[in-house]
Amino acid sequence: MSSPLHRAEILRRLANNPILSARDWPYTVNSVMNAGATLVDGQTVLLCRVEDRRGFSHLSVARSDDGISKWRIDPKPFLSPSPSHAAESWGVEDPRVSRVDELGAWVVCYTSYGPTGPSVSIALTTDFRTHTPLGMICSPEDKNAALLPRRVDGTFVLYHRPRTVTDGHADIWVSRSPDLKSWMGPHPVLAARPGMWDSDRVGMGPPPMETPDGWLCLYHGVRVTVSGQIYRMGLALIDLEDPTRVLRRTDEWVMGPSEPYELAGDVPNVVFPCGWVQHDNGLVRVYYGAADTAIAAADTTVDEMLDLVTSSPDATAAGGQR
Ligand code: BMA
């Protein structure tokens, strides 16, 4: 029951969730999940992770006029594992899509997965029909990469999640590049918080969104419990001029698994955001993977997210990293 003591949810699930699942696909697949998202000529384009029934993933395009329904799904994958690239012989996963006006293109950051572990690769596209691979940019183990949509202080900025320690927890780091080929860093940015809902691992969700208050970030956090892992989402705000400096971070999660399609599936208890689309009227639609089985969406606004994150604890006391 709601009472004045219950806070309203800022991410409101669509009534027809999940909006895409394996049964919508024009060919036989196991599951669809974790989609990057963007607008192309007013249409919503999702770049979906599609897992086939061998267990390997590829990336496929789905388009919709309203971003909710009547999805047109391409009959062939947009990006499949490269046969000449052993590091992705187990598939390509979890794309984040950034529109980079300077390049007149979208940059797709995705996880290449193979026997050596997950690594980060990038590709360019101008039409979501063909792509130009730019290769692996972060060696194993590394994943959850998302590029800012513009340079900061002359360099491109990539958030990613290397596995740097042996105790199991993993944090968000940042690397910078003058040309998307050579990379400097990484530098630690946002850490898992012992004892909290994001105590074990954190990873950037969609490419951070530029706002007057800072780069608005939606990230996933993982807690390992005796009955398995729980994936939830939180918000953070990063300094516009210093991409290593976290200004604010919500103490509480902003969305956790609670609906049947999030609680049950190939991997129960997972909400995993990789894409969001900002509309002219201030609406932001977040696309997330539900239980590694389907794609769901939730609506919010930039103002609501900023109100919440700017009233969250000051993170700069911890040296701008939390
Ligand atoms: C992460 C990634 C995601 C997946 C999540 C939950 O490590 O592999 O693709 O959604 O685990 O299984």
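**The ligand site and an aromatic pair**

An oxygen atom of the ligand lies 2.6 Å from an N or O atom in the side chain of Arg49, which is a polar contact, that is, a pair of N or O atoms within 3.5 Å. The model is predicted, with local features requiring pLDDT of at least 70 and side-chain atom pairs pLDDT 80 or more, whereas totals for chains, interfaces and linings use all residues. Residues are numbered from 1 along each chain as its sequence is written, and side-chain values use heavy atoms, leaving out hydrogens and water.

For Tyr231, the distance from a side-chain N or O atom to a ligand oxygen is 3.0 Å; for Lys143, the corresponding distance is 3.1 Å. Of the 310 Å² of accessible area that the ligand has on its own, the protein covers 82% (Shrake-Rupley method, 1.4 Å probe).

The residues surrounding the ligand (a heavy atom within 4 Å) include Asn34, Asp94, Val267, Val270, Phe272 and Asp292. By class, this shell has 4 nonpolar, 1 polar and 4 charged residues; Asp, Glu, Lys and Arg count as charged, Ala, Val, Leu, Ile, Met, Phe, Trp, Tyr, Cys and Pro as nonpolar, and the others, Gly among them, as polar.

Across the whole structure there are 7 aromatic pairs (ring centres within 6.5 Å; planes under 30 degrees apart are stacked, over 60 edge-to-face, the rest tilted). The rings of Trp71 and Tyr287 have centres 6.4 Å apart and planes at 85 degrees, so this pair is edge-to-face. Because Trp71 lies in the loop between strands S5 (57-64) and S6 (72-73) and Tyr287 in strand S21 (residues 283-290), the pair ties together parts 216 residues apart in sequence; strands are DSSP runs (E, at least two residues), numbered from the N terminus.

Terms used: Polar contact = N/O pair within 3.5 Å; in protein donor to acceptor, adjacent residues only side chain to side chain. Phe/Tyr/Trp six-rings, centres within 6.5 Å; stacked < 30°, edge-to-face > 60°. Helix = DSSP H or I, 4+ residues; strand = E, 2+ residues; numbered from the N terminus.
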